[in-house]
Amino acid sequence: MTDVSQTRTGGIDYRRRQRLSRIAHSLVILAGAIVLTIYVIAPVTWLVSSSFQTEAEIVSVPPHWIPDEPTLQNFEAIFTAQEEEEITYETRSGQDPAAGGFIPSTAKNLLPAMWNSFIVATLVVILNLLVGVPAAYALAKIRFWGRDGSVYFILITRVIPDIALVVPFFLVIRKLGMLDSIFSLVLTYLAVTVPFSVFILLQYFEGLPDELDKAARVDGCSRFQALVRVFLPLSLPSLVAVVLFTFLTSWNEFLLALMFTQTEASQTLPILLAAFTSDFTISFSFINAAGVLAIVPPVIVAVIFERYIVSGLTAGAVKG
Amino acid sequence: MAEVVHQQAGRGRLRAMFGYEERSAIVFLAPVMAVLMGVAVFPILYSFYLSFFRMKLTRPNRTPFVWFDNYTDLFTNELFWVSVTRTVVFAVTSVTSIAVVALLVALLLNQNFRGRRILSTIILIPWAIPYVANALMWKWIYDSGYGALNGVLYQLDFIDKYMVWLGDQDKTIFLIANAFVWKEVPLAAILLLVSLKSIPSDLYQAARVDGATVWQRFFHVTLPAMKPGFMLVMIYETMMAIRHFDLFFILTEGGPGDASHVLSWHIYVETFRNLSFGSGAAMSYVLALVTFALSYTFIRTLGRKV
């Protein structure tokens, strides 16, 4: 490359200028990459770092960016909270007399809340696949009257803000006696997530050749068999994307859970976290440890399945 | 007996009206339609209906039909207009910041360099974090006593004493917008990156042949070609911003004073603290209509179906 340009322009000066500009280019990229990494990583690192600090350390001014004496006491408190320890004035201030760091009695609800979050998310994923896959297949491969209308209809439901649904949801769920039950969450999350799932799948199915469908039908498959035997095995990437999105959305959802849950029977992790942040007596290091617990699963999922997530996001973007 | 015959005839007519294709399409689409009808369409219609009643849960047996009173009350309510202003400020600030930052990120990730893949994985982290955890994290960063923001600025000598951040009326909404931007940039950047990658390279070639500089190429080739991508990001992020709730709930609860009293927070307070479901429903309906109108105009100006 450089040789060609050199012979064409002839000058050694040109080559030098080109090299300089290439160096400048990579310097800009390097600077940009560093700034971006710090921008993304720094807040999270600070949260993680302070979750490993003792109460005495976390209130130091200026803050310790790296804990002097890292401790697991906050995480220990979460995982061993089941063994009921009576909270008295002594135990409360006994952990650290200087700061009076306090681990709330609701700490023992954290693991059950994580479990609730997990169950809700899993059920929503399963229902999404059961409901979304046939719909996407029908919209992609069957020509019928009202097809475009159905696509638009599903699209439009995505535009309704969930806060606008909260009031009627609440009244209906209350009437059905489903308040404080995880099924109210499963049902509403399903409605919130299913349009996006359908779009990811629709996009993918449309990309698969129609001939596949025809061949299966000629061989005597019913529509259902064509879907299950021919299309499902081929659409693994989009299925993974649906699973990821649905799971993460359900795991992270807050507003609806705030409305419908009241006790530990149905409270999900975000609800418990929110309750911690509004209690000024609770130690910051403990709250941060709880926050880290909420962050770890989705971040691990996102990092492992990065490729699927990016392709899913862009597929959803083209359509909706 | 006659009924059975009638039913069979009915079924036959159905069979005649819809071929196998139509029938299987109906069966395949039925579940998703049932879910969306029951859990999206019905509630939004129901909330329209509710918005005509004065419905206070504190007086459960008296829910008079009041025509448009909830709406007219709304438009004469000072706090409602305050919340509209706050929502607009929040949305405009955060959507512009998201667009700018995401553009820079997308331009960076469009380059070829070592570590690009790692970087594009790292930027997914904010996207994956739950909003509540994000709020908790920023609350701790902004903390006036021991937070990182104070710590950094103090150690770098930008401030000589710790400041109150979220408690400052002039700063609150922008600090919340910052937390929102941090979380939303990854998605916006990924969407912009797609539209960057879709620009045909011969456009650049042609521009280069015509002697366009880097900047000219950027402003005359890159930016116009990214218009659809930008539109998409703007629509989506505007919709997200005007309905956003979680950060306001955890960081400020609408405070200090009414400095971060946005519309979604107003709806929440009206409905679940004042237990006034009728006017809450009216406001929800206004918000839903605004969202529809916004996305409709965006799509129209974009001139393509989304």
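A crossing of two helices is left-handed if the near helix is turned anticlockwise from the far one by less than a right angle, and right-handed if clockwise. Keep that handy for the exercises below.

This is a predicted model, where local features need pLDDT of at least 70 and side-chain atom pairs count only at pLDDT 80 or more, while totals for chains, interfaces and linings use all residues. Residues are numbered from 1 along each chain as its sequence is written, and chains are lettered from A and ligands numbered from 1 in the order in which they are written.

**Exercise 1. Work out how helix 9 and helix 12 of chain B pack.**

Step 1: find the helices. Helices are DSSP runs (H or I, at least four residues), numbered from the N terminus. Helix 9 of chain B covers residues 172-197 and helix 12 of chain B covers residues 227-242.

Step 2: get the geometry. Axes are lines fitted to C-alpha atoms, for helices over the stretch in contact, and angles run from 0 to 180 degrees between N-to-C directions. For this pair, the angle is about 155° and the axes are 9 Å apart.

Step 3: name the arrangement. Angles under 35 degrees count as roughly parallel, over 145 as roughly antiparallel, 65 to 115 as roughly perpendicular and the rest as oblique. So helix 9 of chain B and helix 12 of chain B are roughly antiparallel to each other. The crossing is right-handed.

Step 4: list who touches whom. Two residues are in contact if their C-beta atoms, placed from the backbone, lie within 7 Å. From helix 9 of chain B come residues including F180(B), E184(B) and L191(B), and they meet a set in helix 12 of chain B that includes P228(B), L232(B) and E237(B).

Step 5: sort by class. Ala, Val, Leu, Ile, Met, Phe, Trp, Tyr, Cys and Pro count as nonpolar, Asp, Glu, Lys and Arg as charged, and the others, Gly among them, as polar. The contact of helix 9 with helix 12 of chain B then splits into 10 nonpolar, two polar and two charged residues.

**Exercise 2. Describe how helix 4 of chain B packs on helix 12 of chain B.**

Step 1: helix 4 of chain B (residues 78-109) meets helix 12 of chain B at about 145°, with the axes 9 Å apart.

Step 2: this crossing is right-handed.

Step 3: on the helix 4 side of chain B, the contact includes F90(B), S94(B) and I98(B), and among its partners in helix 12 of chain B are F230(B), M234(B) and T238(B).

Step 4: the class count is 11 nonpolar, three polar and one charged.

**Exercise 3. Characterise the interface between chain B and chain A.**

Step 1: 72 residues of chain B are in contact with 74 residues of chain A.

Step 2: helix 2 of chain B (residues 20-50) gives the most to chain B's side, with 17 residues.

Step 3: chain B's side divides into 54 nonpolar, 13 polar and five charged residues.

Step 4: the predictor gives the complex an ipTM of 0.82 and a pTM of 0.85.

Methods
Helices (H or I, at least four residues) and strands (E, at least two) are DSSP runs, numbered from the N terminus.
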